[in-house]
Amino acid sequence: MKRLLALAAAAFISLPLAPAIALDAQPGAPGAGDPYFPDQGNGGYDAGHYDLTLDYDPSSNRLAGVARISARATQALSRFDLDLVSTLTVRSVTLNGRPAAFSQSGSELVITSALHPGRDFSVEVRYDGRPTHVVDPDGSRDGWIRTSDGVFNANEPQGAMTWYPGNHHMSDKATYRFSVTVPSTRVAVANGDLVSKASKGDRTTYVWDSREPMASYLATVSIGKFQLTDTRVGGYRVITAVDPKLADGAKDFAERHAPVLDYFSSLFGPYPFSSTGGIADHAPEVGYALEAQSRPVYPRVPSESLLAHELAHQWFGDSVTPALWRDIWLNEGFATYAQWLWSDKQGTSTVQSSFDNAYARAADDEFWQTPPADPGGPAGLFHDPVYDRGAMTLHVLRRTVGDDAFFRILRTWASDHKYGNADTAAFIALSERVSGKQLDSLFDAWLFKPGKPSL
């Protein structure tokens, strides 16, 4: 959830020449081809695993990092890019254990290579600097957002490049390992499972494993004076981190997860990750929460509806991730509808009343002018039509095909695309296949056309 609640050229480093490159080798594309963020991500390779070793000092905002990336070339490469802001200085790059020539320009780290298609390779980047956030087209901040005691780290849609190099488009998922060293007065929390915690002098290193593939915008390393708990609640390993300023309101934070996950599992299929939990930080200036994979980040203790929204994202957005940013309704519309389902389950409001309240907007309201399946550009990604019109589309689909077919569609969607990417066309095709109905007019009116659809 990103909806509001409430690089100039750098130096070129000359290093020994790389081995001879095949005549058909070409540079990898400097972007993944997303129309909303053309420079995001890169072409020519597929990242498989990130091993990130980070050392951070909150008082000076100094970050020293080593990123070890395992990948596979998808073409003959003469060079390839990683996304990294130039405010972080790259000190060295090795490719398959050998020094590699590189340059930094804007948000691109360009590495000279000699790679054949289908070849596995490893690249190590050593870098340091004082990371900062970026400002998104909608005016919000994401990336490395400093707080009074550390970092609120939320990266949708473009913040990952502010703190580590990578192929930062959602279409290239990978597994992760984080080793984060901070002053012992701080706690470092990341995705996945806490593997170890070790102190030396006045510094403590936290190691986290995220073994299921993850889009980079869902990665987090959040740092603060957190109260960290790692416990089992029901059938789940629940890891939570709470800012001491929020402790009084978060005494049952861990216990609140299991009932929501049990209910969603009954509707959508098994919870897709090895652990769950959340990070409740005191960050009132941030203004949004984010569904970081297995460990959502909140700027305050979440309400019941917000908790349900972010946990629903673990199926819709985190496990099954859109192929392009314009398909963000597959995240936010689904999570909003799940939020309505949870409110109905609790008896606070029915799904139908949630739909009716949204539909009550006047026909000339600007809300109806943005089709959720293509909100017009990056500035519209996290506006109400994507969330509420997206959820309304699902409710109209449910009323059209019936409960049995509708929930089979959602379960099949979550199962067939688990840990992968999918787009709106694939969801429409699945809906028609499972229901046996022709649904073009429904999706055309609710997803693709401006204007208030008729009921």
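Before reading any crossing, I wrote down the convention: a crossing is left-handed if the near helix is turned anticlockwise from the far one by less than a right angle, and right-handed if clockwise. Helices (H or I, at least four residues) and strands (E, at least two) are DSSP runs, numbered from the N terminus.

I noted that this is a predicted model, where local features need pLDDT of at least 70, side-chain atom pairs count only at pLDDT 80 or more, and totals for chains, interfaces and linings use all residues. Residues are numbered from 1 along each chain as its sequence is written, and side-chain values use heavy atoms, with hydrogens and water left out.

Entry on the helices. I looked up H6 (residues 403-416) and H7 (residues 424-435) and found their crossing right-handed. Ala405, Ile409 and Trp413 of H6 are among the contact residues (heavy atoms within 4.5 Å), as are Phe427 and Leu430 of H7.

Entry on the sheet. I found an open sheet of 8 strands with mixed pairing, in the order S7-S6-S10-S4-S3-S14-S17-S16. Two strands pair if DSSP finds at least two bridges between them. S7 (98-99) and S16 (193-200) are the edge strands, each pairing on one side only.

Entry on S17. I traced S17 (residues 203-214) to S16 through 7 bridges, antiparallel; aspartate 193 has aspartate 209 as its bridge partner. Between S14 (residues 174-183) and S17 I found 9 bridges, also antiparallel, with valine 180 opposite tyrosine 206. The hairpin of S16 and S17 has 2 residues between the strands, and glycine 201 there takes a positive phi near 65 degrees.

Technical notes
Axes are lines fitted to C-alpha atoms, for helices over the stretch in contact, and angles run from 0 to 180 degrees between N-to-C directions.
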